[in-house]
Amino acid sequence: MIDIALPKGRLGDKVYAKFKSMGYSADEFEQNTRKLVFEDKEKGVRFFLIKPSDVATYVARGVADIGVVGKDSLIEAEVDVYELLDLEMGKCSMCVCSLEGFVDDGKKPITIATKYPNVTKEYYKNRDIDIVKLNGSIELAPILGLSHVIVDIVETGSTLKENNLKVDTKIMDLSARVIASKSRYSFNKEEIDTLIRRMQID
Ligand code: PRP
């Protein structure tokens, strides 16, 4: 049995569709229930539906063999796992953004709102900064004067545009990755490698 941690939401739905096209399926997944564990007994696969920012933790602690996680959540989680595959899905970027008209002179201390405090600390490592950790709707922070800038994900750019914000700097490109638990991988190497190869091909 291979245990697979999927992120709840759009990315998880896409990845599940990929597994389905590879012949793995769990009917209940498609029935929009509140269930969090789905099984394909015949193929020996179990899917767990997990909050995207928690997928890396479940895999790192060895309760799932592999997981699908955005590179952003993976870096932020600072966990010790194997990164096996770039799925080239969920492509977006991590950016510093601010209100139209705001200019950071790079000298004065600034306040930064973000869901990603570790990424932010690393990016601004030589700078005097104050980080406000938020869990969503990050774009509101500069609008309401909670922060000067934000460090956040930009995909289509429409949230920025509709809120009169702009990208100042792109920090990194991001996409979905397949990660594996180091302990589970040492026991299930062949099975996991076979699955990863199939994911590369299909
Ligand atoms: C993410 C991100 C941005 C938005 C970017 O938020 O934090 O707010 O998507 O996407 P766009 O460039 O296509 O507009 P999410 O939708 O995950 O919701 P959240 O505000 O609850 O974090």
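Begin with the lining of the largest pocket, whose residues divide into 14 nonpolar, 13 polar and twelve charged (Ala, Val, Leu, Ile, Met, Phe, Trp, Tyr, Cys and Pro count as nonpolar, Asp, Glu, Lys and Arg as charged, and the others, Gly among them, as polar). This is a predicted model, in which local features need pLDDT of at least 70 and side-chain atom pairs pLDDT 80 or more, while totals for chains, interfaces and linings use all residues. Residues are numbered from 1 along each chain as its sequence is written, and side-chain values use heavy atoms, with hydrogens and water left out.

Select Arg10, Asp72, Lys115, Tyr116 and Ile153, which lie nearest the centre of this pocket among its 39 lining residues. A pocket here is an open set of points on a 1 Å grid over the protein atoms alone, where a 1.4 Å probe fits, with protein on both sides within 12 Å along at least five of seven lines, and lining residues have an atom within 4 Å of a point. Next, colour helix 3 (71-77), which gives the most to the lining, with five residues; helices are DSSP runs of H or I with at least four residues, strands runs of E with at least two, numbered from the N terminus.

Show strand 6 (residues 92-99), which runs antiparallel to strand 9 and is joined to it by six bridges, with Cys97 opposite Ile150. Strand 7 (residues 110-114) pairs with strand 9 in the parallel sense over three bridges, pairing requiring at least two DSSP bridges, and here Ile112 stands opposite Val149.
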